[in-house]
Each structure stands twice: as C-alpha cells, then as structure tokens.
Amino acid sequence: MRTGSQGGRWFSFLKKNYREKSIKTIFFIAALFGVITIFSILIFLLKETYPLPTDIWSFLSGTTWSPTEQLKFGTYPLIVGTLLVTFGAMALAIPLSLGGALFISEIATHKLRSIIKPAIELLAGIPSVVYGFFGLIILTIWIKDFFGVPTGETWLAGSIILGIMAIPTITTVAEDAIKAVPREYKEGSLAMGATKWQTISKVVIPSALSGITAAIILGIGRAVGETMAILMVCGNAAIIPTPLWNTFSPIRTLTSTLGIETAEVPVGGPHYHGLFGVAVLLLVITLIINLSAVYLLGVIQKKHQAIGKKKKPLLPMKVVDYIKKMFTSILLIILLFMLYLTTGIFITGILVFLGLLVWYWRKKLSKRTLQRIAFSTIGGSIIIIIMLLGIILGYIIFNGMGALSWEFFTEAPRNLGRAGGISTALIGTLYLVAGAIAIALPIGVGASIYLTEYTKEGMMTKIIRTGADLLNGTPSIVFGLFGFAFFVLYLKLGFSLLAGQITLAFMIIPTILRTTEEALRCVPQSIREGSYAVGATRWQTIRRVVLPPAAPGIITGAILGIGRASGETAPIMFTAVAFSAIVPSSFFEPVNALPYHLFTIATSIPGSAARAAAGGTALVLLLLVIGFYSIAILIRNHYQKTMKW
Amino acid sequence: MAEKEIIKTVDVNLWYGEKQALFNVNMSVLAHKITALIGPSGCGKSTLIRCFNRMNDVIDRCKITGSVFFDGNDIYHPDADAVEIRKKIGMVFQKPNPFPKSIYENIAYGPRVQGNNNKKELDIIVEKSLRIAALWEEVSDRLHESAIGLSGGQQQRLCIARSLAIEPEIILMDEPCSSLDPIATAKIEDLMTTLKKKYTVIIVTHNMQQAARVSDYTAYMYLGKLIEFGKTEQIFEDPREELTDKYITGRFG
C-alpha cells in the first residue's frame, strides 16, 4: 500500500491532457463565433448608419421616403407597410397553422402524419424567390381579375404569399410544443371520462400555450424579415394605404426597400447611410421579436422541468386570468378584422355567425357533436394547407416543364436570359453553396459540440445559444447588407464568389448548430457515462460513442443548410452575383446564381421568351432545393425509426 | 488473505447546486468483499457510489469537499486524473446502457480507447469478459450483432462484461438489478459472488433482501448521512442505531 497522495498510478501529466485541452479550445472558438458574429453585424451596421442623413425622430416618423429626389428619409410608411403586410399574413397563417399543428400531433393516424409532416416541411423548403415568382405571375393576376382592381401587386397579394410562407414555421414549432405536453396529463384527463377534444382544449392547449405563442412570434419574425417574395408582389409604392384598411393598395416594406435600393446606391452618400439605418431598424425589430420567442420557449422548458417545485406566482391568479382573457379577446378582434380585410364582409359574416352559433349552443350540443365540429375545423385547415402546397408545386412544375431540355442545363444564357440555358447560374449556385457549407459545417458542428459536451449550463452557454437563435432569426437581407458593407467594401473583396460564400455561411451556421445540438442531445447521457466508466476521455467518448449515432442528425442539418443556401437570394444580391456573369475562375470574380437569375428575368426582362425561361429556372431551383430537403427528411425519418435506446 | 482497506472516504460533503446531498461521510471498503449501500430513495447512496470513480464530475453544478482515498491516494487531489481512476474503478449503471454497437465492440471499447487495437488480444479479452459475466454461452454465435437487441438482463451482464474488459480493481454497481426481472436478478447476484474473488464490489441497492443475500458489509444511509456501517449480519440482526432498525424492519422507507 502506498502512502501519501503524490505519485499514484493514476496521477498523470500526460500529453493526452494537453490534447484534450486543445480540442476543447478549438470547439470553444467555434462556439464563440456565433456570439461574435451577431455583435459584429450589429456594430458594423451601426457604423455604416452614421451619419444618419436626418435626425432619428424624423427618420422614424417622417411620412415620405424619397432618398434621391426629395432627400427625405421618413421610414414611417415602410414601418406601416411592414406591419400591415405581416398582420394580414398572420390572419391567414395563424388559424391554419394551429389547425395543422393540432391535426398532426393529436388527430392524424401515424401513417397520415408521416405523409403530412414532411409535406409541410417541404413547404418551408420552397425558396422565397419561387414564392415570389408564383405570386407575380399567378396570384397577382387572379387578384386583379377576381376583384377587378387595376393591378394585383398589392398588400393583399403580399399577405397571402407571406402567410403561406409562415405556415411551416408556426406549424412545426407549435407542433413541437404540443408534443412536449407530457402524456400523463392527457391520460389523466381521458381517464376522467373527458372526450378527446375536451382533453385537447382544456389540457393540451393550455399547457402548450407558451410554446404556441412562441411559434406565432417566430412566424411573425419570419414574415417581417422576408424580402424577395414581398418585393415581387407588393407593388413597392412607399405610401400608407388610404384608407388604412385598403388591402388593394400597393405597399412597401422595410425589407423590400433594402432589396430594391441597395444595389444602386452611391457608397458613402446620405442614401447609403439611410439604407443602413433601415437595416438597423429592421434588425432591432426582429431582435426584439426573436428575443421574446426565445424567452417564451425558455419558459416552457423550465415549466416541464420544474414539476414539483413550488414557486410563488408573480401576480395573483385572478389578475393573470384577467390579463389572459383581455389578451385573447384583443387577439380575436384583430384576427376578425384581418379576416374581414382579406376576405371581405361576406365570408367574415358567415364565420362569425357560425362561431356565435356554436358558442351559444355549446352547452346544449352533446360532447360528441362539439368534438365533431372542432375536428372538422381542424381537418379543414390541414386540407387548405395541403391544397396550397399542391397549387404552388403543381403550377411551378406545369409551367416550367416546357422550358426544360438538355440545352437548358448545359448552355449559358443568351439574349438576357431569353435564350440559351442556365448553366452558369446552376454552376454558380453549386460553387456558392459548396463554399458556404465548407465554412459553416465545421463552425456549426464545433460550436454545438462545445455547447452540449464541454460546458455546464450557465451564463456562457446561454449567451452563445441566444446568439445563435438571434442569428437564425436575422432577416437574410440584413446578412446581405452586412456582407456588402463588410466583405465587399471594407475588406475590398468586391462582388465575388468568396464574399457570397462567407455571407451565406454566416446565414446557415445557426441551422447547422441547432440541428447538430438536437442530434447530440438525443444521445442519452447514460451512454456517455458508460464510456467514461471504462476510462475513456471526453474526446474519445465524443468521437466513438456520441458522434456515430448523432451523425444522421448532423448530416440532416448540413443538408438543410445546403438547401437553404441554394435558395437564398437576398444575401448574395449585394455580395456576389452579377446577372450576366460567367462561371468564375477564381474566388474573387462575381458569379451568377439560380435564385438571382430567376429574380432578374422574372422582374426585369420583358417578353414571353423570358417568361418561359423564368418558369424553367423556377422549376430547376425548386427541384434542387426540394431535392436537398427531401434527402434530409428521408435520412431523419429513416434513423428515427431504426434508432432505439 | 489480509483484509486490505481499498477505499476510504474522509469527511466527504457534496452539493448539487445549493442542495447538500452528502454530509461528512466517513467509511472504508475492504478489498475482495461485497459492500452494499442501502437506504430510502434520495438518501445519497447513488451519489456516494458515484464519488468513488468521480462520475459526479460529469454532473452540472456538483461540488464536493473532503477526500476519497483509493489505495492510499486521494482521487480528488487536484493532480489526479479522473480518466486514469476510472480505468481502475469500473461502473455498472442502474439502467443497462450498452453502446449502439455490436456486442463485440461494446466489450472491446474499453481496451480500444486505451490504445489496444490488436485483434487477437481483443478476441481473447472479449471471450474472457463474456465468460466471467456468464454471457458467453448465450451470445457467442452473434458477437457482431447489435447489443441493443439483447434482453434487459443480457444487456446488464454485457455492461458488467464491458467493465471487466479493462481489468479494474473495483466494480461499482448502482442498483444493477432495478430494471430486471427475478430470474435475471438471480443471475447477476450469482455473478457478484464470483466476481468478489478477483475484484472488490460495491453495490447500491434498494432491495434489502438483496443486500442481505450478497453483501459482506452494509452501509445504511439516510438523508445524505452515513448512519451505520458494519458487517452485514450485524446490520441486519443487531443494528445499533434506531433509524437502521426501523428501516430494516420495514417501519419506514
């Protein structure tokens, strides 16, 4: 037996310890990156805003945005436009998404769910420029003909497109929240003789409420930050609709202002600073929106963890109830109003009448009938969602088929895209995406390994995770402006492949980080302990036991990132692309890219030949992105089935 | 064989965040004996056993003071390396936790992470470990199938075999039978008696009959304190503390 506490067999100052430490440092640097990025974006945008061409008050409240002729920089109409188009979108998206989420999580059979869920996720994969293209050539025409208005490029068109785009975000987050309600709650309620609908409405929805609210807020964030689709269908007149509820008025948002004007702005002039002011405003708005969603999602996590812990409520229950009721009724009134604006008095009247009828008779109706009414409403919303998906996909495919040919893929565009093919754009997109993923994957995966495996939960992880969440909610156009100011101008990379790749990478890091983190967390702690217990080091444990089962999840995240990067227009519009660019031979030349090519020929090149080429480009882009998303979804579903713990 | 003190704790206190889970625990574990830790749920027995191989290191906000001596050396000394310690002190967990790999790779994992990749040696280690764990007969024809397909009892014996593969001196078992049926439990208990010839076994159990059946020494814990420690017969037949007596006779717990 040894004496003393020095020199034992297991006292080691081996190299292995230094290796472990340096590996940890590498991951830490990756994790820090997320935080630094968000702050540097904010700081750099602020720096470019100075000097603002007008004082802050008239910047926010001035009613005229005319940066070149009148030199007036009033963003009020832009803010109003953003709010109105978002409100309209939410009036469409919230009821449909909540119905969809309830249907998927509570009503659908396993088989039905396995079809509908991926379908809704596909809806999320359609690039915004494709939505915009659909809106431009179909929706606006329908609105023009159906309502007999001079142009269909209106607030209404923007709200409908934006609403459809927000559906997948709200549905998936709300569904997660509903799924997180412990099964015991539901079983408890059912065991008391409650019907399924009573259980859903009285137990499931109340316990998932903060998650559902967070889902709505994230949907709002998505809508506020959307650029390309809005820019293509809203008419872009910087006016406040008269009267305010005139849904057939053209409208201009903060994002579309940036999208339209940034490319042509003289650097360093008052207009340039004004635009960066708009970007800062947009960033601040989305930061606030996303922070509140992050906060709410944190609340649910705590709620489900803290079962059994008693905490004194902040306010008396009565006051909370009162606030809840007031909040609900305000929300209901807004929803009704938006419904009226978008669908007119007739449909709203019928719905209100039906609603009141059910409300009045609900005591007299049997539980069974109530359940039937509720379930058919929910079923109706899922049918509408699927129909929307079908119409959009069907139209894009049908419209684009004719343009596809071997030459379309292999030839460069000629005559401003009217003839020839899209080879340069296709290759350019692949270059951009390959570079972006090469940068984003190591950083995203490294950061999430650091977050899940190396840290104890604390201030640091909270900051990093919040940074990533905020980065995730930052509008893509803001990335575009940051890339323009930082990479193109400040680092003097010019409009170049490299600048585009880095900007896109910044944008997809959060996607990769989040999915990887989720995959790592799915590996049970007990497996890690099993590995430590036989004397494995932390890095050995991560590499041999944690990463292999998490690999499918990580690959899924990477592919989702690829899909997102290949469909994005706004981040590359001011950093990398040029319409007639050829395939670049170095990192410092501009490229053409599919989404940008589509955007340009759909909006700027007249003639039926251009229309046909745009249809073909939209189809190729859609197939490319949906292809990536489908692969990701397939991998995930396959391993979800085979992985059992 | 002379009775050798292989583990000795001195004034061990442990906190999870604000909450203190262990209070001044002082006890000794003799080599080649089975020592059982018993007590009602939440008494700190699992926490204590996890101190012996520094498994609490992986839990957030866990703070520990005092010393745990293994062979006379403090494993909580600032220079002590938890990884090296765990090679000497293996652990089997409450729920079987095989890796999602083949049976063979589960056992070979320990030797492999320590740098042994010699196929022949690994073959020998795998067979030997499975034989000691009384699992060889049942799985020898499907060594390269996934361990996840085994029954609960087989998985737990696999985990025991996995801990044997690195030739530890002590095997810690944290309620190893709590998720097993009586037949699988009996097999594990037999196994423990075999194991003590070569190893020292420390087991946490909430099943008092099990403690009485298999252990040589028993420690009774309550609310994070070590109430009584002694030979198993003495604890069960002639407890000196009233609390122990009440628990043993089933009047609370």
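**Close-up views of a predicted two-chain model**

**View 1. Crossing of helices H5(A) and H14(A).** In this predicted model, the axes of helix H5 (residues 128-147) of chain A and helix H14 (residues 367-401) of chain A come within 11 Å and cross at roughly 95°. H5(A) and H14(A) are therefore roughly perpendicular to each other (a class covering angles of 65 to 115 degrees). Axes are lines fitted to C-alpha atoms over the stretch in contact, with angles from 0 to 180 degrees between N-to-C directions. Helices are DSSP runs of H or I with at least four residues, and strands are runs of E with at least two.

**View 2. Interface of chain B and chain A.** The contact takes 42 residues from chain B and 35 residues from chain A. Asn73(B), Tyr109(B) and Val113(B) supply 17% of the area that chain B buries against chain A, more than any other three residues. Buried area is the accessible area (1.4 Å probe) lost when two parts are put together, summed over both.

View 3. The side chains of Glu529(A) and Arg50(B) form a salt bridge at 2.7 Å, N to O. The term denotes a side-chain nitrogen of Lys or Arg within 4 Å of a carboxyl oxygen of Asp or Glu. H2(B) gives the most to the side of chain B that touches chain A, with 6 residues.

**Conventions.** Residues are numbered from 1 along each chain as its sequence is written, and chains are lettered from A in the order in which they are written. Local features need pLDDT of at least 70 and side-chain atom pairs pLDDT 80 or more, whereas totals for chains, interfaces and linings use all residues, and side-chain values use heavy atoms, without hydrogens and water.

How values were computed:
Contact = heavy atoms within 4.5 Å. Parallel < 35°, antiparallel > 145°, perpendicular 65-115°, else oblique.
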